[in-house]
Amino acid sequence: PITCEIGVLPRPHGSALFTRGETQALATPTLGTTFDEQVLDDIEGDRRERFMLHYNFPPFSVGEVGRLGTGRREIGHGHLAKRALERVLPSREQFPYTVRVVSEILESNGSSSMASVCGGSLAMLAAGVPLKAPVAGIAMGLITEGSRYAVLSDILGDEDHLGDMDFKVAGTERGITGFQMDIKISNVSTEILTKALAQARRGRLHILSVMNQTISVPAAEISEFAPKILSLKIDVDKIGALIGPGGKNIKALCEQFDVKINVEEDGMVTIFGANQKLALDAKAAVLGIAQDPEVGIVYQGTVKRIMDFGAFVEILPGKEGLVHISKLSRTRINAASDVVKEGQVIPVRLLEIDKLGRLNLSYIDALEEGNVRK
């Protein structure tokens, strides 16, 4: 029997409880930023992992008393589950989060690594991770006696211990994403392997059909407790202006809006913030630095100062222009304050950028425009 539950824990970014027979896995995903990637120093040099899966097998899951620790078994099972799931992860451009899944085995009399695959798939969908397809896994066994053999589906602990094969196969409805075989006999014939793969496919599709009844598509929104990530692309020649001398500009933005900003060499800017509004404000500030005003475009600007001859309006962060008093009203007015007030947000059209780089704006022309850039 198989049962699936999601949202069993209120505080994590997602959660899923997958139970198959006497094996149960509690999977909890956490969404992080680029700064949470795992940095690995291996023979090829530094590299980064944006997906991690950690597998925990506490002794109580098999009715034993012992110390909690990470050994070869935990590392191997976790790596198998990770390989099976990372094939369906979205690209960084589609989903710029770092993802960590922790699978806690609560009871075990069967394949807990395949339960981790099923639970991890359910949990990531519940967290809003746009997986390419749900993934399930099943462990196949083998009993041989002379020329006679039997392929077993979803083997129990005794069948694994006494049998001749432990063949774990994970994948989607379309194909296999990860597998691993342990055998105690000298070889497995093509006939046995073919039958085991076909039998595993039928079992995988059955498990997926049960999982899909609980959740089959990613949640529409991520958890309110997850960091908010916004991405935008700027011109490469604007990167220096955004970073500033010694990182002065980008550090000031991070402090002002309580966000983290990461800039790639190709001009991709990623903003991480705990607060959605502050993240959006930071994005607007980045655009203000990296975006050049365009003549003819209507902007939503903020009135900063009112003078005798007109009003100064900020159309982009740090970029102000003048709306002459003659461009505030079609009829004669005595003062700019008759039409606008300081702090008021008004539409203005950029008429020209003069030789000195000054922006000349018009309020009356903007009122006739339908294209307003915010």
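Author: Let's take Thr270: skipping its neighbours within four places in sequence, Thr270 is in contact with Ile229, Leu230, Ser231, Lys260, Ile261 and Asn262. Keep in mind that this is a predicted model. You'll find Thr270 in strand 14, which covers residues 268–273. Is Thr270 buried or exposed? Its relative accessible area is 8%, and buried means under 20%, so Thr270 counts as buried.

Now let's step back to another part of the chain. There's an open sheet of five strands here, with the order 1-2-3-7-6 and mixed pairing. Its edge strands are strand 1 (2–6) and strand 6, each of which pairs on one side only. Going from one strand to the next, the twist averages 15 degrees. Inside that order, strand 3 (residues 23–32) and strand 7 (residues 98–107) are antiparallel partners, paired over nine bridges.

Strand 6 (51–56) is among the elements that give two or more residues to the lining of the second largest pocket, along with strand 4 (38–42), strand 5 (45–49) and helix 1 (72–86). That pocket holds about 370 Å³ of space. Its lining has 17 residues, and Leu53, His54, Ile75, His79 and Lys82 are the ones nearest the centre.

Notes
Residues are numbered from 1 along each chain as its sequence is written. This is a predicted model: local features need pLDDT of at least 70, side-chain atom pairs count only at pLDDT 80 or more; totals for chains, interfaces and linings use all residues. Side-chain values use heavy atoms; hydrogens and water are left out. On a 1 Å grid over the protein atoms alone, a cavity is a set of points where a 1.4 Å probe fits but cannot get out, and a pocket is an open set with protein on both sides within 12 Å along at least five of seven lines; lining residues have an atom within 4 Å of a point. Grid points are joined across faces, edges and corners, and a volume is the space filled by probe spheres set on the points. Helices (H or I, at least four residues) and strands (E, at least two) are DSSP runs, numbered from the N terminus. Two strands pair if DSSP finds at least two bridges between them. Axes are lines fitted to C-alpha atoms, for helices over the stretch in contact, and angles run from 0 to 180 degrees between N-to-C directions. Buried means under 20% relative accessible area, exposed over 50%, partly exposed in between (1.4 Å probe, protein chains only). Contact means heavy atoms within 4.5 Å.
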